[in-house]
Amino acid sequence: MKKIILSIGCIFIAFSIFGQPGCVQRKIDYSIPDTCKVIFSDSGESEVSIVRYGDRQDYLHRKETKYSIFENYLVKSEKVTKYLIWTNGEGSSSYTLTFFEMPDYKKAFTCNKNADLFQPESSDEPYLVSEKLGCCEYANYYELSTFPENKVFLSYHRNRFEVHAREYANSMSKEKYVIYFGYDKCQQYLDSTEAILGALNYSINQKYNGSVVFKKKNPKDKIYYSSSKIQLIENGEVIGESANNSWKNVITISDNLNYLKNYSEINNLGVMVTFNCWKENERFEKEYKIEFVNGTIKQNEILVEL
């Protein structure tokens, strides 16, 4: 068992780690100087156990504790994992994030999530990101949640990106406008008709959320989502492209979000989604534009055809 003891005094963070018996360890002086005093102290355990259920059903139970700083919070991250050993990691994980507000380090709130990874992030506005690992043909699945409420405002498998205003100074509105996009294949996995190609999910300021579902007009057509190509368009011109890396966030700047009184003034801004098509040994691409009109996207479903 490894026990981590955290203390904060002055601008001083100390970790005392006790490893497994018999291991050679380098001695480090973690003593607190006399000029400092401890104003916060916490401890967490990292442990592992193997549990046998029935005949050769060996499960690994693991608990990990980590500490980090986010915004004006000290974050205690506790992860509990359980999986069948022969699957080499396939199982279930859950997180508990406890936030202590600085400078008094009093417990502020806790966020929980069943996921393989769960952590806070921030661009202009803070949010929480979770990841569930996929298997075989199932891609990793991600969710963005509000901070600190932990309410999901965007789900996706690939092509996550954000659109930010170039200028925020506006005497008529204090609100900053940010649009989040992500491509979600979840409905495709659950669709027995094989017609659904996926959905483009979006959110304005983590409040106004929507989705556009793409379907094959003929379920037997050879049409596939091109994960490497989602482009942001402004006034009909391409101004940015999302990353294929699911975790990586791409930020694009748009002048069409400058000086808005409210989100209903969002216009001439949208996304172009590309699909790969095959017909009689011919391969080609089909592009579909989705644009905001008065702050909303009118389509909720688009039929893709050869």
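Predicted model: local features only at pLDDT ≥ 70, side-chain atom pairs only at ≥ 80, totals over all residues.
Student: Why are strand 10 and strand 11 called paired?

Tutor: Four bridges join strand 10 (residues 141–146) to strand 11. Pairing needs at least two bridges, so four are enough to call these strands paired. The two run antiparallel.

Student: Let's move to K76. How do you know that K76 is buried?

Tutor: The relative accessible area of K76 is 10%. Buried means under 20%, so K76 counts as buried. You will find K76 in strand 5 (residues 73–84).

Student: What makes the link between K76 and D42 a polar contact?

Tutor: The side chains of K76 and D42 are joined at 3.0 Å. The cut-off for a pair of N or O atoms is within 3.5 Å, so 3.0 Å qualifies. Leaving aside neighbours within four places in sequence, the residues in contact with K76 include T65, Y67, L97 and F100.

Student: Why do C111 and C277 count as buried?

Tutor: C111 has 2% relative accessibility and C277 has 0%. The limit is under 20%, so both cysteines are buried. As for disulfides, the structure holds zero.

Student: Which residues have the most contacts inside the largest nonpolar core?

Tutor: They are I179, F181, F214, L257, V273 and F275, in a core of 32 residues. Several strands each supply at least two residues, among them strand 12 (158–165), strand 13 (178–184) and strand 19 (269–279). Strand 19 gives the most, with five residues.

Student: What is I179 in contact with?

Tutor: Setting aside neighbours within four places in sequence, the contacts of I179 include F161, V163, I204, L257, I266, L269 and F292. There is also a second, separate core of 11 residues, which includes F70, Y95, F99 and F147.

Methods. Residues numbered from 1 in each chain as written. Heavy atoms only, no water. Core = buried A, V, L, I, M, F, W, Y, C linked by side-chain atoms within 4.5 Å. Buried < 20%, exposed > 50% of the residue type's maximum accessible area, 1.4 Å probe, protein only. Contact = heavy atoms within 4.5 Å. Disulfide = S-S within 2.5 Å. Polar contact = N/O pair within 3.5 Å; in protein donor to acceptor, adjacent residues only side chain to side chain.
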